[in-house]
Amino acid sequence: MSRAHSGAPNRSWAHACLAGCLAFWAFDALAVLLSADDYSARRDLVSSLAGRGSSVGWLGELAIAAYVVGHTSACVLMLRAWRTKVAGAFVGQGAFLMAGILLFRGNCPQGEAGCGRGANHVVDLGTTLHSVFGNLYLWTMLIGLLVAAVSAIRERGVHRISALLAIPTWLLSTYAASRWLAQGGHSDGLWERVWLGSHAAWFLVIAVVVLARRRTDAHAPA
């Protein structure tokens, strides 16, 4: 089998990664646009859009589902293309935890605006598990990014570049998560989106690296 043919599955996963990450932001933006008038993308969380009681719950669920696709695809690419597999395993665990966030959604009896605060916060099994999966996802990805950065020691070529770019991703992700968790105020939604966006940007780099090698692989000897 030629390198061009063997690279075809990787390119398919790369396209799926691109589509999943971009669809996540598209669905999030559309849900914000169609949400209740008092919902604020700066103040309110992404998962509030998918919460039980949200007027745009289906769009919020689609956004998170698309992000699960992005995580899963990035995981497969790392497991297939990288010499070190541990970082890919962490991203795969992140995909599983993100799926848990989708399955167990918070209870927002008064709608998506202000969900999780005051009277619009109901502690039940679904809300508790949503929080558990969310916290596990945060730490899993923070550790996974460090593992990816360390794996650059053994990677070669463009995959080493992808691994090294985990360093600024970790720095931005850590900063955004700390601001979000420490403030607990009017900018929660903004910092959460920066936090999630740092992961998505890194996944896009991993996918673009695979696609950028398409011409080289196509002209390589069998």
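Biologist: Leaving aside neighbours within four places in sequence, which residues is Asn-107 in contact with?

Modeller: This is a predicted model. Contact means heavy atoms within 4.5 Å. For Asn-107, the partners beyond those neighbours are Arg-52, Cys-115, Asn-120, His-121, Val-122, Asp-124 and Thr-127.

Biologist: Where is Asn-107 found?

Modeller: In the loop between H5 and H6.

Biologist: Is Asn-107 buried or exposed?

Modeller: Buried means under 20% relative accessible area. Asn-107 has 19%, so Asn-107 counts as buried.

Biologist: Which side chain does a polar contact join to that of Asn-107?

Modeller: That of Asp-124, at 3.2 Å. Asp-124 is also on the contact list of Asn-107.

Biologist: Which residues of H2 are buried?

Modeller: Among them are Asn-10, Arg-11, Cys-17, Leu-18, Phe-24 and Asp-28.

Biologist: What volume has the largest pocket?

Modeller: About 730 Å³. Of its 32 lining residues, Leu-45, Ser-47, His-130, Trp-180 and Glu-192 are the closest to the centre. Helices H3, H4, H5, H6, H8 and H9 each give two or more residues to the lining.

Biologist: Which element gives the most to that lining?

Modeller: H6, with seven residues.

Biologist: How does the lining divide by class?

Modeller: Into 15 nonpolar, 12 polar and five charged residues.

Methods:
Residues are numbered from 1 along each chain as its sequence is written. This is a predicted model: local features need pLDDT of at least 70, side-chain atom pairs count only at pLDDT 80 or more; totals for chains, interfaces and linings use all residues. Side-chain values use heavy atoms; hydrogens and water are left out. On a 1 Å grid over the protein atoms alone, a cavity is a set of points where a 1.4 Å probe fits but cannot get out, and a pocket is an open set with protein on both sides within 12 Å along at least five of seven lines; lining residues have an atom within 4 Å of a point. Grid points are joined across faces, edges and corners, and a volume is the space filled by probe spheres set on the points. Helices (H or I, at least four residues) and strands (E, at least two) are DSSP runs, numbered from the N terminus. Ala, Val, Leu, Ile, Met, Phe, Trp, Tyr, Cys and Pro count as nonpolar, Asp, Glu, Lys and Arg as charged, and the others, Gly among them, as polar. Buried means under 20% relative accessible area, exposed over 50%, partly exposed in between (1.4 Å probe, protein chains only). A polar contact is a pair of N or O atoms within 3.5 Å; within protein, one must be able to donate a hydrogen and the other to accept it, and residues adjacent in sequence count only if both atoms are side-chain atoms.
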